[in-house]
Amino acid sequence: MYKTKAYSAAGATSALAYTTIARREPTAHDVQIEILFCGVCHSDLHTVRDDWHSVMPTVYPSVPGHEIVGRVTTVGSAVTKYKSGDLAAVGCLVDSDGTCPHCKAGLENYCPNQILTFNSPDKHLGGVTYGGYSDSIVVDERFALRVPANLNLAGAAPLLCAGITTYSPMRHWGVTKGKKVGVVGLGGLGHMGVKFAHAFGAHVVVFTTSPNKEEDALRLGADEVVVSRNANEMQKHAGSFDFILDAVSAEHDINAYINLLGLDGNITLVGAPAKPLGVSAFGLIMGRRSLSGSAIGGIPETQEMLDFCGAHNITADVEVIPIQKVNESYERLLKSDVKYRFSIDMASLKAE
Ligand code: NAP
Ligand code: ZN
């Protein structure tokens, strides 16, 4: 066991503050990574503030962060994929049982015994796992990912959650050329959804509550932008979408989007508002439409996504911040004031 620097929250109403935490010494299969950048996901905020108490209560102190890129500093004796000095990344998962049908299919993200990067039971040290708002992390090499060398590291970090969470359902639901695809909520996830849908050749329509994001949406790859508070604009798209990705973090009317789906259209929720959403049965019945959800992605698909981003030079649009500004970044997330992901430069933690 060793101590490493981190930012943690002591409770649901506490600000994140400097602390030190324990990490395990690398075992034979582990890599130890010095963290260079960590993205700020809205799930970090939901967890720190215990928004998801009824589903996955937060254990404090809580160290969030699951969009991690860094450099390997130590490898265990049995590690084969990495050597000291390599770039490596860690996303939302650090372990799974490896034996269930989902794990065997490379869908560790649906393993019933998955261990998340933060707020999951830590079988090595007890307590819960601690995430990437930290100097270093130790992870089984099966859950480390290769980062294409051409990618900007601050912008690559958000690929580990915002990237894979939008890439995976779009692949699953067949987003390709000729499809009309909507993306609801132009935040961290949404803006990656726009980039992927555009790269896959779809006709992309962004739905935003923020009129000041219109120009950016087009630059990011949207073909059309709809300010969702404008009912007339919404109505123009009624019954026309093959697929809609809903990446909204707060309560909103999902029926307004279900009505925009065409026959057999699908809307997938990746946004995870704390409160249940009310769904009109008629919206789904009329048109054999479907509503589904999707959680991050498995390890093989996460690597596929990173390699796709390397080949197409795709990264997140980031505002790089020192860790000392992380509390401020949470307040801005709550105001939809993010363009389009905060990425923490972890060098700032060394100064603490
Ligand atoms: P984010 O950067 O804060 O973006 C959320 C966006 O939602 C905002 O920028 C805003 O976009 C829109 N929005 C916010 N409040 C709204 C409201 N009241 N009504 C309508 N639209 C609103 O958040 P994120 O990091 O992308 O995460 C989005 C959600 O996905 C969170 O709930 C997060 O926990 C969840 N998530 C799920 C997974 C998964 O595996 N399924 C993975 C990661 C995150 P506009 O300004 O364009 O309206
Ligand atoms: Zn996330």
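Contact here means heavy atoms within 4.5 Å. The model is predicted. By that contact criterion, G163, I164, Y167, S168 and R171 in α4 meet E301, T302, E304, M305 and F308 in α10. Helix α10 spans residues 299–312. The axes of α4 and α10 come within 10 Å and cross at roughly 100°. The two helices are therefore roughly perpendicular to each other.

Helix α4 covers residues 162–172, and α5 covers residues 188–199. Their axes come within 8 Å and cross at roughly 50°. The arrangement of α4 and α5 is therefore oblique. Their crossing is right-handed. On the α4 side, the contacts are made by A162, G163, T165, T166, Y167 and M170. On the α5 side, G188, L189, M192, G193, F196 and A197 take part.

Helix α4 is mostly covered, with nine of its eleven residues buried. The buried residues are A162, G163, I164, T165, T166, Y167, S168, P169 and M170. They pack against α5 and α10, and also against the strands β9 (180–184), β12 (241–246), β13 and β16 (341–345). After α4 comes G174, with a positive phi near 70°.

Strand β13 runs over residues 261–269 and contains T268. T268 counts as buried, at 0% relative accessibility. Beyond its sequence neighbours up to four places away, T268 touches P169, W173, F243, I244, L245, D246, S292, G293 and S294. One of these, P169, is itself a buried residue of α4. D264 is also found in β13. Its relative accessible area of 41% makes D264 partly exposed. The phi of D264 is near 65°, a positive value in a residue other than glycine.

The zinc ion (ligand 2) is coordinated by C41 through SG, H66 through NE2 and C161 through SG. In sequence, the donor residues follow the spacing C-x24-H-x94-C. C41 lies in the loop between β3 (30–40) and α1 (42–48), and H66 in the loop between α1 and β4 (68–75), so this pair ties together parts that are 25 residues apart in sequence. C41 has a relative accessible area of 2%. For H66 the value is 7%.

C100 is in no disulfide, and its nearest cysteine sulfur, that of C103, is 3.7 Å away. The sulfur of C103 is 3.7 Å from its closest cysteine sulfur, in C111, which is too far for a bond; the cut-off for a disulfide is 2.5 Å. C100 is buried, with a relative accessible area of 10%. C103 is buried as well, at 9% relative accessibility.

A cis peptide bond joins Y60 and P61, with omega about -5°. P61 is found in the loop between α1 and β4, and H66 lies in that loop too. The peptide bond from K339 to Y340 is also cis, with omega near -15°. Y340 lies in the loop between α11 (326–334) and β16. N119 is not a glycine, yet its phi is positive, at about 65°. N119 is found in the loop between β7 (115–116) and β8 (136–140). At 16% relative accessibility, N119 counts as buried.

Two further positions are partly exposed. E224 lies in strand β11, which covers residues 224–227. Its relative accessibility is 29%, so E224 counts as partly exposed. Not counting residues up to four places away in sequence, E224 touches H203, V204, V205, V206, L218 and H237. The C-alpha atoms of E224 and F241 are separated by 13 Å, with the residues 17 apart along the chain. N230 is found in the loop between β11 and α7 (231–235). N230 is partly exposed, with a relative accessible area of 34%. The C-alpha atoms of N230 and L36 are 42 Å apart, and the two residues are 194 residues apart along the chain.

Conventions: Residues are numbered from 1 along each chain as its sequence is written. Chains are lettered from A and ligands numbered from 1 in the order in which they are written. This is a predicted model: local features need pLDDT of at least 70, side-chain atom pairs count only at pLDDT 80 or more; totals for chains, interfaces and linings use all residues. Side-chain values use heavy atoms; hydrogens and water are left out. Buried means under 20% relative accessible area, exposed over 50%, partly exposed in between (1.4 Å probe, protein chains only). Donors are N, O and S atoms within 2.8 Å of the metal (3.2 Å for Na, K and Ca); water is not among the atoms, so sites may look incomplete. Helices (H or I, at least four residues) and strands (E, at least two) are DSSP runs, numbered from the N terminus. Axes are lines fitted to C-alpha atoms, for helices over the stretch in contact, and angles run from 0 to 180 degrees between N-to-C directions. Angles under 35 degrees count as roughly parallel, over 145 as roughly antiparallel, 65 to 115 as roughly perpendicular and the rest as oblique. A crossing is left-handed if the near helix is turned anticlockwise from the far one by less than a right angle, and right-handed if clockwise.
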